[in-house]
Amino acid sequence: MTLQLTDKDREMLRGDHGAATKMSMSILVRMAEVSNASELIDITGAHIDSTVYIGDAGLEFAERLASLGAKVSVPTTLNVSGLDEHHWQEWAVPSEWAKQAHRQMIAYQSMGTIPTWTCAPYQTETRPSSGQQIAWGESNAIVFANSVLGARTERYPDLFDICCAITGRAPNIGLHRTENRAGQLLLDVKGIEEIVQLRDDFYPILGHLVGKISRDKIPAIDGICIIPSEDQLKALGAAAASSGAVALFHMIGITPEAPSRKAAFQGSSPDETITVTMDMLRESRRELTHTDTEKLDIVVLGSPHFSVAEFKQLATLVKGKQKSPGVKFLITSSRAMTQLAKQAGLLDPLEAFGAQITVDTCILTTPMLPSEMKYLMTNSAKFAYYTPSLLDRKITFGSLKDCVDSAIEGRVVRDESAWMN
Amino acid sequence: MDELTIFGKPVISGSANGLALVSSEPLSFWGGYDWKSGEITDLRHPLSGLNAKGKILAIPFTRGSSTTTAVLLEAIRAETAPSGIITTATDLFFALASVVADELYGKPFPLVAVSESDFARLQTGDQIEINDDGLITVHR
């Protein structure tokens, strides 16, 4: 298929709109050709994952664009950076890392972006709505935008998101197009009792399983008998986008493009139907824990970043209690959500409990954990998935309540009642 | 020595040769590839612990993080990247790393997409040559 460019696209490619736009359009056009696109489309927003600091190459890319005068042409939010800009010195972040990560923050901020510094941009004011064409990076944000909001983004990598933001264009491929958004696999969870479906750990556990089964296919989940909260869907999507390449899931009767099974599959039949059993969920839960020790150094929550509703849920659980002095308790969130939680009085019980909050980043994207902290616990399947390889630490997965109880006890304690055979 | 040829689609055209590392399991480079050494570090992945620097890496597609492209770009700059990559689908994450490596450093790497049945014929340890037209020659 030949790529058709508009007059404006060609102007951008020629350099009529500046050198940064030219570089971005050049990358965009090459990628559009690689992906067999016939045209580019306008986008109404972008989310930039390239803010995550990895090393010199990513920084050189950002500073090249910035030095060429790059400016975004659509409302653009920024993902987590490599640094909690104002509190990094309270942790073990090396100053050389901080300097480089901060340069990357400055570069992306100079492009007229909105410095949200969060992996949950869908819980900010710039949340896209159903049918909007957007170009998002960050795997959990992509799956949430497509699945829960009904917005349309292809699964975009770092470095491409910013090219779309600068040009305001994206290739008309993949999940931008209605016909590519139909469910392909049917995952039936009708056999899972309501008492399990009501648990907050059900969603990350199911998500981890969904990602493994679906690989790069679009799953449609049928048989959810409650109305999950937005944060439960966020946990499911983040898990599925870690263990698999899931960029869109449907939940029949719940998500916007799946009011019925027929709608979820756009009138076709599923390629395959898989019945999810309790044994499959137990195995999925087991896989998220990488140690059998009760030792615990730190509880980490907030992957994806904590919302106000999650702060509220946690505040209720910890009210009047205190964590063990031997265990740290860390929540990662955005500046905006933390500020809202503060205004709502939700941070006082957390502080009394002994919790700490880090914003702008998370444990996976900044080297903040001191080397003596070896045993971690989390309620996030995404943290659990990446921690062993990214941080070389041991991690235990549990429900939010398991995490709180363990922090109080000073060792891992998990309520196994719902998961026993 | 046996030789077999596979006709792939040159997603990013170029030539490379090297020993093959092959797995049917997708991989995220973020949390899965140490760009400082070229080692595959995802403990759940069948190629975990092996070093892909200078090799021909064959995996069906990327999973997980959007940051895979950024990690691969670091590896290209640090000269710890695979010399070529073979996939089944047209993988945007890999393609972009090659396009940006070309833009920044003039160092693209070849990326070839093959059918699932051809992919299944590849084995770790094969000596593989990729040419500009997407032709893959396998010696074993």
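Colleague: Which residue in β9(B) stands opposite B:Leu19?

Modeller: B:Gln127 does. The model is predicted, so local features need pLDDT of at least 70 and side-chain atom pairs count only at pLDDT 80 or more, while totals for chains, interfaces and linings use all residues. Residues are numbered from 1 along each chain as its sequence is written, and chains are lettered from A and ligands numbered from 1 in the order in which they are written.

Colleague: What makes β3 and β9 of chain B a pair?

Modeller: Strands pair if DSSP finds at least two bridges between them. Strand β3 (residues 16-22) and strand β9 (residues 127-130) of chain B are joined by four bridges and run antiparallel, so they count as a pair. The strands themselves are DSSP runs (E, at least two residues), as helices are (H or I, at least four), and both are numbered from the N terminus.

Colleague: Which other strand is joined to β3(B), and in what sense?

Modeller: Strand β6 (residues 56-58) of chain B is joined to β3(B) by three bridges, and the two run parallel. There, B:Leu21 has B:Leu57 in β6(B) as its bridge partner. Another parallel pair is β7 (residues 84-87) with β8 (residues 111-113) of chain B, again over three bridges. In that pair B:Val112 of β8(B) is the bridge partner of B:Ile86.

Colleague: What is the strand order of the sheet in chain B?

Modeller: Eight strands run in the order β1-β10-β9-β3-β6-β7-β8-β2, forming an open sheet with mixed pairing. β1 (3-7) and β2 (9-12) of chain B have a single partner strand each, so they are edges, with one side lacking a neighbour in the sheet. On average, neighbouring strands are turned by 30 degrees against each other, direction ignored.

Colleague: What makes A:Asn36 buried or exposed?

Modeller: A:Asn36 has 12 other C-beta atoms within 10 Å, so it is exposed. A:Asn36 sits in the loop between α2 and β1 (40-42) of chain A and has a positive phi of about 65 degrees, though not a glycine. Most residues other than glycine have a negative phi, and most peptide bonds are trans. The bond from A:Ser303 to A:Pro304 is cis, with omega near -5 degrees; A:Pro304 is in strand β10 (residues 298-306) of chain A.

Colleague: How many residues of helix α6 of chain A are buried?

Modeller: Eight of the eight residues (160-167) are buried, so the helix is largely enclosed by the rest of the structure. A:Phe160 and A:Cys163 are among them. Just after α6(A), A:Gly168 takes a positive phi of about 75 degrees.

Colleague: Which residues of chain A make the contact between α1 and α2?

Modeller: A:Asp9, A:Met12 and A:Leu13 in α1(A) meet A:Thr21, A:Lys22, A:Met25, A:Ser26 and A:Val29 in α2(A). Contact here requires C-beta atoms, placed from the backbone, to lie within 7 Å.

Colleague: How many residues from each chain take part in the contact of chain B with chain A?

Modeller: Chain B gives 32 residues and chain A gives 35. On the chain B side, α1 (68-77) and α2 (92-105) are the elements that give two or more residues, and α2(B) gives the most, with eight.

Methods:
Two residues are in contact if their C-beta atoms, placed from the backbone, lie within 7 Å. Axes are lines fitted to C-alpha atoms, for helices over the stretch in contact, and angles run from 0 to 180 degrees between N-to-C directions. A residue is buried if 20 or more other C-beta atoms lie within 10 Å of its own, exposed if 12 or fewer, and partly exposed in between; C-beta atoms are placed from the backbone.
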